[in-house]
Amino acid sequence: MRKKNVAVLFATQSLADIAGSPIAPAIIESCPQRIFLPNDRAIEPQSRAIYERFGLNARQIELVATATPKRDYYLQSRRGNRLFQLGLGPIALALCGTSDPVAQKVIDAVLERHGPENFLRGFLEAKGLDWAADLAEQFPAK
């Protein structure tokens with residue numbers, strides 16, 4: 001798949017789902033980059049053992065355990081490891097961080113009112129980002 005420039009993403013709410021799988025060694029070995037979400041229970045013995053299976057040391061597990069939810073992420077890769085914040089601005093948050101049922105109703109209403117052609121402008125306005133909606137007009141849809 002690498003020859004075709006394909007990326008595969010695995011996501012789980014619980015590392016135990018992977019750790020308990022018979023194909024865990026293949027999954028762990030085949031994922032060159034891993035992003036861990038904050039988990040205040042990571043330092044508990046049972047969780048710690050799972051994080052250690054994923055190659056994290058005591059300090060890294062402590063970083064995951066003390067990281068701020070919905071703000072911090074811990075990246076583990078061959079090039080290095082780092083705690084980072086995504087730091088999305090208001091436009092990116094409006095477009096990428098919209099997944100709850102209330103937001104879905106807003107999306108449905110904007111689509112009905114503005115149609116797919118004018119969705120971006122209508123959605124940004126609905127999110128109170130009129131200035132961004134004005135800027136979006138400078139970039140015509142393709």
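This briefing describes selected residues and helices of one structure and the contacts around them. The model is predicted, and a search of the whole structure finds 6 salt bridges and 0 disulfides. One arginine, R34, is buried without a salt bridge, whereas another, R121, belongs to a network of salt bridges together with E125, D134 and E137.

**R34 in strand β1**

- R34 sits in strand β1, which covers residues 33–36, and although R34 is buried, it has no salt bridge.
- The nearest side chain of opposite charge to R34 is that of E29, at a distance of 8.7 Å; a salt bridge would need a side-chain nitrogen of the arginine within 4 Å of a carboxyl oxygen.

**Helix α3 and its covered face**

- Helix α3 runs over residues 45–53, and its buried residues are S47, I50 and Y51.
- Because the buried residues of α3 fall within an arc of 100° when seen down the helix axis, they line one face of the helix.
- As a general point, an α-helix has 3.6 residues a turn, and therefore residues three or four places apart point the same way.
- The elements that cover the buried residues of α3 include α1 (15–19), strand β1 and α4 (58–66).
- After α3 comes G55, a residue whose phi is positive, near 95°.

**S77 in strand β2**

- S77 is located in strand β2, made up of residues 72–77, and it counts as buried, with a relative accessibility of 17%.
- The side chain of S77 reaches the backbone oxygen of G80 at 2.9 Å, while its contacts, leaving aside neighbours within four places in sequence, are with P32 and Q33.

**T12 ahead of helix α1**

- T12 lies in the segment before α1, where it counts as partly exposed at 32% relative accessibility.
- The side chain of T12 makes a polar contact with the side chain of D17 at 3.1 Å, and it also reaches the backbone oxygen of S14 at 3.0 Å.
- Not counting residues up to four places away in sequence, T12 touches D17 and I18.
- How far apart in space are T12 and E52? The two are 17 Å apart, C-alpha to C-alpha, and 40 residues apart in sequence.

- The side chains of R59 and E62 meet in a salt bridge, with a distance of 3.3 Å from N to O.
- Both R59 and E62 belong to helix α4, where they are 3 residues apart, about one turn of the helix.
- Each of these two residues counts as partly exposed, R59 at 48% relative accessibility and E62 at 39%.

**The salt bridges of R121**

- R121 and D134 are joined through their side chains by a salt bridge of 2.8 Å, N to O.
- Since R121 lies in helix α7 (residues 119–126) and D134 in helix α8 (residues 130–136), the pair ties together parts that are 13 residues apart in sequence.
- R121 counts as partly exposed at 26% relative accessibility, and D134 likewise counts as partly exposed, at 44%.
- R121 also forms a salt bridge with E137, in which the closest N and O atoms are 3.5 Å apart.
- This second pair links distant parts of the chain, with R121 in helix α7 and E137 in the segment after α8, 16 residues apart.

**Cysteines**

- C31 counts as buried, at 16% relative accessibility, whereas C96 is exposed, with a relative accessible area of 61%.
- In general, a disulfide is a covalent bond between the sulfur atoms of two cysteines, and the search of the whole structure finds 0 of them.

Conventions
Residues numbered from 1 in each chain as written. Predicted model: local features only at pLDDT ≥ 70, side-chain atom pairs only at ≥ 80, totals over all residues. Heavy atoms only, no water. Helix = DSSP H or I, 4+ residues; strand = E, 2+ residues; numbered from the N terminus. Buried < 20%, exposed > 50% of the residue type's maximum accessible area, 1.4 Å probe, protein only. Lys, Arg positive; Asp, Glu negative; His and termini not counted. Arc of directions from axis to C-beta. Contact = heavy atoms within 4.5 Å. Disulfide = S-S within 2.5 Å. Polar contact = N/O pair within 3.5 Å; in protein donor to acceptor, adjacent residues only side chain to side chain.
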